[in-house]
Amino acid sequence: MRNIKLPEPPETSDGAIRRAVVIGNGFAGAENQCIGLVRALGLSHHHFLFRVTRPREGINRLLHWLPVSIHKKLDSVIRRFCGIQKSNRVSHFSTAKIGISNVLEADAHQIAAMARETFHKDGPLLVVASGRDTISVATSIKRLAPENVFIVQIQHPRFLLNRFDLVITPQHDYYPLTPHAQRQIPWFLRRWVTPWEPPGRNVVLTVGALHQADSTALRVAASTWHDEFATLPKPLLVVNVGGPAGNCPYGVDLAKQLVVMLQNVLWSCGTIRISFSRRTPEKISRILVKEFATNPKVQIWDGEGPNPHMGHLAWADAFVITADSVSMLSEACSTGKPVYVIGAELCTWKFADFQNTLQKQGVARPFTGKENITESWSYPPLNDTAQAARQVIAALAQRGWTIHA
């Protein structure tokens with residue numbers, strides 16, 4: 001009888017995750033959370049960034065409330081009907097130059113196929129997504145390759161949380177379930193307010209937002225910005241100004257109040273550095289620039305050149321931050337340095353709950369303008385990103401998987 005040679009059995013995966021896919025929405029606040037988690041898991045040099053791009057120009061600014069898939073189809077119809085040529089759009093797996101990186105348009109079918117085809121060679125694929133527009137892509141990948149991927153969704157996905165392996169979200173996202181919040185919501189609207197039920201076993205709660213400002217990143221930033229910041233007179237007070245939000249509204253009145261408060265503490269500062277975010281209205285930044293542009297103790301970043309944000313986190317002795325930015329506050333509160341908040345009393349809903357939590361834990365204090373910046377105080381720093389990474393590792397272990405950093 002002729003010998004029959006059977007095919008070699010496929011190589012079996014050892015269950016070690018060696019790479020990650022980050023699915024972002026084009027906004028730094030969301031993508032930094034994903035990349036921060038990937039860094040904490042030891043995969044900072046082994047991840048790929050994909051984006052879900054939403055049409056933004058023209059009439060699309062009024063359609064941001066639509067699901068991204070419908071928004072794209074409607075945009076395509078409008079362009080075809082009006083004879084508008086597409087520009088600056090990223091097609092599936094074509095590249096758009098973003099700084100020094102090539103960022104691909106997220107395609108659930110192709111990512112899932114890659115996860116299946118490389119599973120036996122490279123192990124499971126970790127997928128980390130953040131933002132409303134990424135939900136449909138992440139869940140589709142899970143549906144198409146359930147045995148080959150581990151899906152982590154950052155920020156509350158509103159409903160059907162069992163579609164994800166793990167959801168990482170701030171505890172203030174569950175504020176709508178508290179008795180106080182329920183009294184603020186008409187009964188006929190309650191079922192539409194996220195979340196619908198208390199957090200389940202696959203939900204990890206944090207105090208604030210995840211970020212990239214870990215100890216390693218701060219050491220690198222301290223070295224990078226040494227020549228610019230090391231010789232500045234101390235103490236260095238960094239003032240981060242964001243922009244008004246629906247649940248943290250403010251205007252020129254707060255800017256004028258901030259001017260007076262900074263003038264009152266200026267005597268105790270060696271240097272004040274002020275920076276504005278992309279969301280800062282010009283009417284607010286103009287007030288601060290007009291008041292301090294000629295003051296020798298005050299430096300204002302004009303948006304030109306490298307962003308000094310990480311350098312500020314590394315070199316500051318204290319911070320003053322507007323209450324609207326969960327991300328900036330989370331980063332500053334992870335340094336263990338004094339953090340003062342202005343405008344917290346104007347916040348409502350879950351943003352007010354976040355501010356209350358920071359103050360109860362002693363990681364932030366209201367800025368009054370009566371502070372002596374030379375007097376420092378300390379607290380247990382927020383460690384949300386590292387704690388979330390440990391929860392991911394524990395959840396992976398339940399499936400028999402590990403991180404190969």
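The model is predicted. Strand 14 (residues 339-342) pairs in the parallel sense with strand 13 (residues 318-322), and strand 15 (residues 365-366) also runs parallel to strand 14. Helix 3 and helix 5 are oblique to each other, whereas helix 9 is roughly parallel to helix 10.

- Strand 13, helix 12 (residues 326-333) and strand 14 form a β-α-β unit that is right-handed.
- From strand 14 the chain continues through helix 13 (residues 349-360) to strand 15, in a β-α-β crossover that is right-handed.
- Strand 14 and strand 15 are joined by two bridges, and Val-341 has Pro-366 as its bridge partner in strand 15.
- On strand 14, Val-339 and Val-341 point one way while Tyr-340 and Ile-342 point the other way. These four residues are buried.

**Helix 3 and helix 5**

- Helix 3 (residues 108-117) packs against helix 5 (residues 135-144) at an angle of about 40 degrees, and the axes lie 9 Å apart.
- The crossing of helix 3 and helix 5 is right-handed.
- Helix 3 contributes Ala-108, His-109, Ile-111, Ala-112 and Arg-116 to the contact, and helix 5 contributes Val-137, Ser-140, Ile-141 and Leu-144.

**Helix 9 and helix 10**

- The axes of helix 9 (residues 252-265) and helix 10 (residues 282-292) are 8 Å apart, at an angle of about 25 degrees.
- Angles under 35 degrees count as roughly parallel, so helix 9 is roughly parallel to helix 10.
- Helix 9 and helix 10 make a right-handed crossing.
- Among the residues that meet are Val-252, Ala-255 and Leu-258 in helix 9 and Ile-284, Ile-287 and Phe-292 in helix 10.

**Backbone features in loops**

- A cis peptide bond leads from Lys-234 to Pro-235, with omega near -5 degrees.
- Pro-235 lies in the loop between helix 8 (226-229) and strand 10 (236-241).
- Gln-155, in the loop between strand 7 (149-154) and strand 8 (166-170), has a positive phi near 80 degrees and is not a glycine.
- Gln-155 has 31% relative accessibility and counts as partly exposed.
- Arg-158 is in the loop between strand 7 and strand 8, and its phi is positive at about 85 degrees although it is not a glycine.
- The relative accessible area of Arg-158 is 43%, so Arg-158 is partly exposed.

Notes. Residues are numbered from 1 along each chain as its sequence is written. This is a predicted model: local features need pLDDT of at least 70, side-chain atom pairs count only at pLDDT 80 or more; totals for chains, interfaces and linings use all residues. Side-chain values use heavy atoms; hydrogens and water are left out. Buried means under 20% relative accessible area, exposed over 50%, partly exposed in between (1.4 Å probe, protein chains only). Two strands pair if DSSP finds at least two bridges between them. A crossover is right-handed if, with the strands pointing away from the viewer, the path from the first strand over the helix to the second runs clockwise. Axes are lines fitted to C-alpha atoms, for helices over the stretch in contact, and angles run from 0 to 180 degrees between N-to-C directions. Angles under 35 degrees count as roughly parallel, over 145 as roughly antiparallel, 65 to 115 as roughly perpendicular and the rest as oblique. A crossing is left-handed if the near helix is turned anticlockwise from the far one by less than a right angle, and right-handed if clockwise. Contact means heavy atoms within 4.5 Å.
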